[in-house]
Amino acid sequence: MIDIEGRLKEAFDARAATVRPGPNPAAENRYRVHRATRRRRAAMACAAAAAVIAVTVPMAVSGGLPDSHVATNRAADALVKKSGDPADFTGAPAPFEIPTSASGRLTPVALSPDGSFLGRIGQQLWALGPRSIAKEAGVPQKLFSAVAATSRISATTLATTGFGITPRARVFLQRGLGASASLTCSVTPPATTGMAGGVDGIDPTRPVWLDGDHLVYAEPNGGATRLLISCDRASFGQQTGEGGATWFDKAHAIPVALADPTLFYLDSTNLTTLNQVDVNALPPGSGTRHVLDRRFLPAKASDVGRTWVAGATKRTFAWVDGDSLNIVDRTAREPWTPKTIRPIPKMSGTGQLTVGDHVIAYTVTNARGRVGSFIYNMRSGKRITWPGRVYAAGDWLLWQDGGTAKIAKVR
Amino acid sequence: MPVPEVPYDELFEAHFWGMVRLAQLLGADDPEDVAQDAFVRLHRRRRLLRDPNAALAYLRSSVCNASRSRLRHLRMARRRHAQLADAPTVSGTPETAAVDHEDVAELLRAVDALPHRQREVLVLRYWLELTERETADALGIAVGTVKAHASRAIAALGKQLKDSP
């Protein structure tokens with residue numbers, strides 16, 4: 001006879017053990033309590049005001065005055081309140097509003113320095129760019145019909161920055177069963193030998209980095225951080241030692257930014273030091289690191305990938321550390337002295353930092369899918385907080401505006 | 001003898017991850033979110049904090065209700081959008097080695113297939129080891145109903161496991 005009652009406790013314990021404590025839930029809870037209190041007070045204030053109006057002006061309402069319109073306030077669902085407008089950073093021509101389709105609204109997910117970008121419409125991933133906008137009247141080019149990776153099934157998934165686009169390559173992450181995911185990278189125009197392959201065995205909790213011709217991703221369960229020299233079929237998905245694939249020992253290297261050909265990474269045994277590597281100088285298949293430069297961070301990096309995130313271009317390296325944005329001019333001769341912008345809004349969730357030529361955008365998504373952004377103009381010093389996703393690359397800025405997406409050049 | 005009042009932060013520190021695990025066992029798609037919301041609701045009812053036992057009972061009840069609601073919503077969403085992937089189960093990590101044992105996995109699959117009320121009763125009775133009275137209070141049902149659900153659930157599991165190859 002099967003002793004089910006005797007086995008249930010063991011089975012439940014085994015499943016309960018799969019819950020992994022995440023970072024700082026108490027901070028998230030304080031934020032939620034504060035937000036709930038604020039909303040309750042606001043609701044009570046509105047109710048009190050409505051009661052006063054109802055008592056004092058009944059005749060005006062029945063007299064045919066237009067109904068008061070209570071606009072849906074999407075900002076109430078966001079992590080920050082609106083302060084300024086990303087369009088303030090842009091010049092002529094006016095921001096282009098991406099047309100929505102019958103399938104639903106477009107959610108931007110990645111921006112290339114040439115103005116092309118990736119966006120999700122429902123379960124589809126689309127690629128758009130200035131060329132398609134100019135010549136095809138905004139009709140997007142459908143890239144893939146496969147399910148895009150980003151999902152709010154779990155916080156783990158939300159920690160993944162699973163999309164990337166450059167002038168020649170596009171990449172996206174697809175969740176598989178369990179904790180696995182596959183990565184697909186394609187080049188355009190297609191290589192003569194065919195289109196992209198997929199690579200299985202990607203850690204979906206880690207970002208992928210795509211810039212120039214280099215792609216960096218991490219393998220799950222303690223596997224190596226892999227660096228692919230090229231996204232085309234000739235070398236994509238190659239195993240150790242073949243065709244230009246190389247890797248870092250994951251036990252030590254945590255990639256945090258890629259500005260081709262420089263890969264920035266932290267050493268997990270020393271989170272106060274930022275390392276830089278010339279990826280072109282790495283011999284394939286050896287795991288050898290050729291560190292170009294090491295810089296000390298003003299404070300130890302903690303909660304990397306959530307409240308500590310970085311981004312880089314050939315000119316700039318920037319990182320967010322909780323409530324501060326730190327910017328370094330990589331071309332400066334003097335010792336590495338970050339400029340610190342503080343405070344920036346504290347937003348609880350998974351952060352992503354994108355760096356353009358003149359604008360930096362920091363976007364946070366929390367476990368419930370709520371979004372907020374902080375945008376900083378490096379030339380004017382102006383700051384904007386925005387209740388939607390924002391991406392900066394090259395001299396382009398891409399942002400969500402309510403149910404639409406807009407793109408424009410930074411002036 | 002009156003039970004000393006427990007500060008909210010201490011309650012959170014002591015019980016948050018337990019509530020996350022409870023929500024996970026009850027099938028919530030986002031167990032951390034469920035647990036966070038339960039604590040926020042508790043914060044609004046701070047008078048309950050004067051009695052930590054009452055606060056804990058309130059949290060359990062809140063997590064059960066929210067998990068049930070999430071499951072219902074998830075099933076409706078799946079019916080509407082057939083392409084939605086099933087919620088993934090965590091695997092491939094050292095902690096999940098026990099779950100990957102086939103007999104444990106088989107039993108858990110059978111539990112997942114039970115009606116949600118039966119599943120709730122099993123989790124509260126056999127994992128949290130609550131009494132029938134405590135289980136009834138957490139779920140807002142009668143003690144006799146708890147007994148009936150438990151009995152039917154065990155019988156269903158027995159049949160399922162016996163019939164499986």
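Two strands count as paired if DSSP finds at least two bridges between them. Helices (H or I, at least four residues) and strands (E, at least two) are DSSP runs, numbered from the N terminus. This is a predicted model, where local features need pLDDT of at least 70, side-chain atom pairs count only at pLDDT 80 or more, and totals for chains, interfaces and linings use all residues. Residues are numbered from 1 along each chain as its sequence is written, while chains are lettered from A and ligands numbered from 1 in the order in which they are written.

**Sheet with E18 to E21, chain A**

- Here we have an open sheet of 4 strands in chain A, ordered E18-E19-E20-E21, with antiparallel pairing.
- Strands E18 (308–312) and E21 (339–341) of chain A sit at the edges with a single partner strand each, so one side of each has no neighbour in the sheet.
- From one strand to the next, the twist averages 15 degrees.
- Inside that order, E19 (residues 316–321) and E20 (residues 325–329) of chain A run antiparallel and are joined by 5 bridges.
- Look for Thr316(A), which stands opposite Asp329(A) in E20(A).

**Sheet with E1 and E26 to E28, chain A**

- Another open sheet of 4 strands in chain A goes E1-E28-E27-E26, with antiparallel pairing.
- Its edges are E1 (96–98) and E26 (390–393) of chain A, each with a single partner strand, so one side of each is left without a neighbour in the sheet.
- The twist averages 20 degrees from one strand to the next.
- E27 (residues 396–401) and E28 (residues 404–409) of chain A pair antiparallel over 6 bridges, and Leu398(A) stands opposite Ile407(A) in E28(A).

**Helix packing**

- Axes are lines fitted to C-alpha atoms, for helices over the stretch in contact, with angles from 0 to 180 degrees between N-to-C directions.
- In chain B, the axes of H1 (residues 8–25) and H2 (residues 31–44) come within 8 Å and cross at roughly 140 degrees.
- That makes H1(B) oblique to H2(B) (under 35 degrees is roughly parallel, over 145 roughly antiparallel, 65 to 115 roughly perpendicular and the rest oblique).
- Residues in contact (C-beta atoms, placed from the backbone, within 7 Å) include Phe12(B) and Phe16(B) of H1(B) and Val34(B) and Phe39(B) of H2(B).
- The contact is made by Glu5(A), Leu8(A), Lys9(A) and Phe12(A) of H1(A) with Leu122(B), Val123(B), Tyr126(B) and Trp127(B) of H5(B).

Definitions and conventions
Two residues are in contact if their C-beta atoms, placed from the backbone, lie within 7 Å.
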